[in-house]
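Please read them with the coordinates open.

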Amino acid sequence: MTERTFTLSEARALLPEVRAQIDAIVAARADLAELSYALRSGEPSRLGGKPEQKGYEARIDEAVGWFTIQGIEVKSLTPVLIDFPAYHGGRSVRLCLLEGERELTWYHRTELGFAGRRRLPGT
């Protein structure tokens, strides 16, 4: 299977759905952390018990699966960091979006990863 690549316009067109999936991960991640702590420490939780814990994990997995189906790489869940495979200046790059960012304005060369992150020209 060939890796999908995105133009900047294609990636930006997906941002409303991307942000909705990121928001779902953030909400489920917070509830999962709180519930997991309560279960480990034996405290009662308004969030439920083991079945609800599995439900939060499933919500996160479902959101990650959505990204995978789209051809978007999930690099981290805490914080959420995603990469859109793309080309810039003839080089393989990743258009990257970090949790909390509202616009897609960063990229890095594929081989450099997050440490090589730069602003997209004109942003």
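This is a predicted model: local features need pLDDT of at least 70, side-chain atom pairs count only at pLDDT 80 or more; totals for chains, interfaces and linings use all residues.

1. Five strands form an open sheet in the order β1-β2-β3-β4-β5. The pairing is antiparallel. β1 and β5 (118–119) are the edge strands, and each of them pairs on one side only.

2. **The β4–β5 pair.** Strand β4 covers residues 106–109. Two bridges join β4 to β5, and these strands run antiparallel. Which residue of β5 is the bridge partner of Trp-106? The partner is Arg-119.

3. **Helix α2, span.** This helix takes in residues 15–41, 27 residues in total. From first C-alpha to last, α2 reaches 38 Å. That is close to the 39 Å expected at 1.5 Å a residue. Just after the helix comes Gly-42, with a positive phi of about 80°.

4. **Helix α2, placement.** α2 lies across β1, β2 and β3. Relative to β2, the helix runs at about 155°.

5. **Helix α2, buried residues.** The buried positions are Leu-15, Val-18, Arg-19, Ile-22, Ile-25, Ala-28, Leu-32, Leu-35, Ser-36 and Ala-38. What covers them? The cover includes the helices α1 (8–13) and α3 (50–70). It also includes the strands β1 (73–77), β2 (80–88) and β3 (91–98).

6. **Ser-36.** This serine is found in α2. Is Ser-36 buried or exposed? Its relative accessible area is 12%, and the cut-off for buried is under 20%, so Ser-36 counts as buried. Leu-32 is itself among the buried residues of α2.

7. **The largest core.** In soluble globular proteins, nonpolar side chains tend to be buried together. Here the largest nonpolar core has 21 residues. Those with the most contacts inside this core are Val-18, Phe-67, Ile-72, Ile-82, Phe-84 and Leu-95. At least two residues of the core come from each of α2, α3, β2 and β3.

8. **Ile-72 and the second core.** Leaving aside residues up to four places away in sequence, what does Ile-72 touch? Its contacts are Phe-6, Leu-14, Val-18, Trp-66, Phe-67, Ile-82, Asp-83 and Phe-84. A second core of six residues is separate, and Ala-28, Leu-35, Leu-47 and Tyr-56 are among its members.

Conventions
Residues are numbered from 1 along each chain as its sequence is written. Side-chain values use heavy atoms; hydrogens and water are left out. Helices (H or I, at least four residues) and strands (E, at least two) are DSSP runs, numbered from the N terminus. The expected span of a helix is 1.5 Å times one less than its number of residues. Buried means under 20% relative accessible area, exposed over 50%, partly exposed in between (1.4 Å probe, protein chains only). Contact means heavy atoms within 4.5 Å. A nonpolar core is a set of buried Ala, Val, Leu, Ile, Met, Phe, Trp, Tyr and Cys residues joined through side-chain atoms within 4.5 Å. Two strands pair if DSSP finds at least two bridges between them. Axes are lines fitted to C-alpha atoms, for helices over the stretch in contact, and angles run from 0 to 180 degrees between N-to-C directions.
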